[in-house]
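Visitor: Please show me the model. I would like to ask about it piece by piece.

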Amino acid sequence: MVIHLAEQNFSQNSLQTQSQRILSRILDANLDRSREALRVIEEWCRFGLESAELSNRCKQLRQALAIWHVDELRQARDTPADVGTALSHDNEERRSNIQVVLRANFCRLQEAMRVLEEYGKVYDPQMGAAFKQMRYQVYTLESQTLALDPTDSKEDRLQKLQDAHLYLVTMPSDRLRETVEAALQGGVKIVQYRQKDEDDGARVAIAQQLCQICHQYNALFLVNDRVDIALAVGADGVHLGQQDMPVAIARSILGKDLIIGQSTTNPDELQRAIEAKADYVGVGPVHATPTKPGKAAAGFDYVRYASQKLDQKEMPWYAIGGIDADNLAEVVNAGARRVAVVRSLMQAENPTLTAQQMLSIVCGQHQSV
């Protein structure tokens, strides 16, 4: 019996030792990952933005990380046996511009800090609490760093807006990211993330993913309604409905460099959007649509009115509402030069091919009108 109990104790101690070693490896790997990502961000704050304040905040965060990176954790490192070192993804092999580099490293930093927060609670409750606070600091650092990025000015965004003839507004989908990327591959140049029935944590996570992929394709990424989420994920701006925050207030929060669009359904709303200095407007719904239940169709008369009222170069506008490849030519004939769609791309069997077909109609048809 004594021998049996001794064996049990030895086995339990062995399991505890193994669990502690695994925990230490997880913490060590994510501390390394966090410090590396912060160094990449810090170099841009220092040499790209020449911001002493942001550079110092990066440095302070790195030093706070170093306090927790003790020898006990480092000694658990076993790089040759780490199965993750051989894993990669195509998106990690290329970076199209500085903005993408920054976003990728902010995502890497936030993910690593979440791991440190959760596993840190097991290692030391104070560690979990410390990384929770640091993670919030990183969200603020991200929005301020990306807002100051000189590589993506208001003029750059407005030019992209001018060049964007097909605009995708998302709807809930089990394949949201894949569908958005397929649409971007088909030529979509502006994406609006619209989600009304999700908790904020999930919205931020999804918006971060979509923002990153849009910028990889040099496309604009906007958030419907939520100015705070747009700032948190480094979006290019927001789209506001008639019942959302007024354009002027959104501008005071977002600053001058981000885009603000607004939905309009009649000439009076259009005039107010012009006076509020929205960067673009939605015109519709052209047809009744389930994405706007209870909203009567504005019809082609309003599209024609907008085409006569607005100079496309001064105020880009997008016809929206029940538009698909079958009725698109009719919308173009009414004066639309840009269109926004939801279901026709989100529910398409092949979003890439559908986007290409719609763009060929928009860009080809209006040249002959």
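Visitor: What volume does the second largest cavity have?

Guide: This is a predicted model: local features need pLDDT of at least 70, side-chain atom pairs count only at pLDDT 80 or more, and totals for chains, interfaces and linings use all residues. Residues are numbered from 1 along each chain as its sequence is written, and side-chain values use heavy atoms, with hydrogens and water left out. A cavity is a set of points, on a 1 Å grid over the protein atoms alone, where a 1.4 Å probe fits but cannot get out. Grid points are joined across faces, edges and corners, and a volume is the space filled by probe spheres set on the points. For the second largest cavity that comes to about 40 Å³.

Visitor: Which element gives the largest share of the lining of that second largest cavity?

Guide: Lining residues have an atom within 4 Å of a point. Here they are Arg103, Cys107, Glu142, Gln208, Cys211, Gln212 and Val233. Helices are DSSP runs (H or I, at least four residues), strands likewise (E, at least two), numbered from the N terminus. The largest share, 3 residues, comes from α9.

Visitor: Where does helix α9 lie, and at what angle does it run to β3?

Guide: Helix α9 covers residues 200-216 and lies across β2 (190-193) and β3 (220-224). Contact means heavy atoms within 4.5 Å. Axes are lines fitted to C-alpha atoms, for helices over the stretch in contact, and angles run from 0 to 180 degrees between N-to-C directions. Helix α9 runs to β3 at about 160 degrees.

Visitor: In what order do the 8 strands close into a barrel?

Guide: Two strands pair if DSSP finds at least two bridges between them. β1 (residues 166-169) and β8 (residues 339-341) pair in the parallel sense over 3 bridges, and Tyr167 stands opposite Ala340 in β8. The pairing in the barrel is parallel, and the order is β1-β2-β3-β4-β5-β6-β7-β8.

Visitor: Which residue does a cis peptide bond join to Gly284?

Guide: Omega at this bond is about 0 degrees.

Notes: On a 1 Å grid over the protein atoms alone, a cavity is a set of points where a 1.4 Å probe fits but cannot get out, and a pocket is an open set with protein on both sides within 12 Å along at least five of seven lines; lining residues have an atom within 4 Å of a point.
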